[in-house]
Amino acid sequence: MSFVLRAARPGDLDALCRLAGCTGGGFTNLPPDRAALAARLAWAEASFARDGSGLGDDLFLFVLADGATGDVRGTCQIIAQVGTTWPFHSYRLTAVSQHSKELGRTIRTEMLVLSTDYDGASEVGGLFLMPGERATGAGTLLARSRYLFMKMHRERFAARTIAELRGTLDAAGESPFWDGTIGRFFAMSFGEAEAYQAVHGNQFIADLIPKHPIYTALLPET
């Protein structure tokens, strides 16, 4: 079987909706929401058409199609620059050591510290391949195609590139990390937050996320 990798078009909306419905959740760059996906396709179309060679607020969305039938079997994305519309939050794992002379004991404690270290970086993401095409080399093609595109248009991307990995979900499709850290500050489940972000963006995260360090020793084991 041969595949064709091409820029996604507005006419791919139905195909992207099918792909998004198969991800199993936690896939924020490919939300199972038709309006959100339509908006991403429009954003990508404008990005591909934009004149100019500098960094911009661009999204490059690709699809992998069956060379014979044209059926869309996978997708991937590049965001030219994160943190431009709202901060790109992450947690940095750090540690602090404290010593008690009286006890003769030094305790080293891990902390999660909120940061926006990756603002301005390019991001590769949104990679999903239908199960039937896996272990065929198509996934490698999808993944590496993004870097080839970046090499061909280097001036439109940042000096640093990041990739987010999907976090662990439990049997109910919820995130133990969300539940054990910041979820209680939002009064919504991970699934609800994911669905809201797909439509409205993540400004609400910036508004409500706790700003103080989180001691990992206080987190649930899950």
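## A buried aspartate

At 3% relative accessibility, D58 counts as buried, since the cut-off for that class is under 20%. In this predicted model, D58 sits in the loop that runs between α2 and β2, the latter spanning residues 59-66.

Leaving out neighbours within four places in sequence, the contacts of D58 are W43, S47, R50, I78, I79, A80 and R156. One of these, A80, also belongs to a separate core of 13 residues and is touched by A158; both are taken up below.

## Overall layout

The chain contains six helices and eight strands. Their order along the sequence is β-α-α-β-β-β-β-β-α-β-α-α-α-β.

Along the principal axes, the C-alpha atoms fill a box of roughly 75 × 40 × 35 Å. Of the 222 residues in the chain, 39% are buried. When contacts between residues at least 6 apart in sequence are considered, 64% of them join residues at least 24 apart.

## The α1 and α2 pair

Helix α1 covers residues 13-20 and helix α2 covers residues 34-49; their axes come within 10 Å and cross at roughly 125°. The two helices are therefore oblique to each other, because a crossing angle counts as roughly perpendicular from 65 to 115 degrees and as roughly antiparallel over 145. The crossing of α1 and α2 is right-handed.

On the α1 side, the contact is made by L13, D14, L16, C17 and A20, which meet R34, L37, A38 and L41 of α2. Sorted by class, this contact has seven nonpolar residues, two charged residues and no polar ones.

## Nonpolar cores

The largest nonpolar core has 16 residues, of which L16, L19, L30, L37, L41, L61 and F128 touch the most other members. At least two residues of this core come from each of α1, α2 and β2. The element that gives the most is α1, with five residues.

L37 takes part both in the contact of α2 with α1 and in the largest core. Not counting residues up to four places away in sequence, L37 touches L13, L16, C17, A20, L30 and P31. A second, separate core is made of 13 residues, including C76, A80, L129 and A138.

## The loop between α3 and β7

A158 lies in the loop between α3, residues 138-152, and β7, residues 161-163. With a relative accessible area of 7%, A158 is buried.

Setting aside residues up to four places away in sequence, A158 touches L55, A80, G120, A121 and S122. A80 is likewise in contact with D58. A158 and L93 are 65 residues apart in sequence, and their C-alpha atoms are 24 Å apart in space.

Most residues other than glycine have a negative phi.

A187 counts as exposed because its relative accessibility is 77%, and the cut-off for exposed is over 50%.

How values were computed: Residues numbered from 1 in each chain as written. Predicted model: local features only at pLDDT ≥ 70, side-chain atom pairs only at ≥ 80, totals over all residues. Heavy atoms only, no water. Axes fitted to C-alpha atoms, helices over the stretch in contact; angles between N-to-C directions. Helix = DSSP H or I, 4+ residues; strand = E, 2+ residues; numbered from the N terminus. Parallel < 35°, antiparallel > 145°, perpendicular 65-115°, else oblique. Left-handed = near helix turned anticlockwise from the far one by under 90°. Contact = heavy atoms within 4.5 Å. Nonpolar A, V, L, I, M, F, W, Y, C, P; charged D, E, K, R; others polar. Buried < 20%, exposed > 50% of the residue type's maximum accessible area, 1.4 Å probe, protein only. Core = buried A, V, L, I, M, F, W, Y, C linked by side-chain atoms within 4.5 Å.
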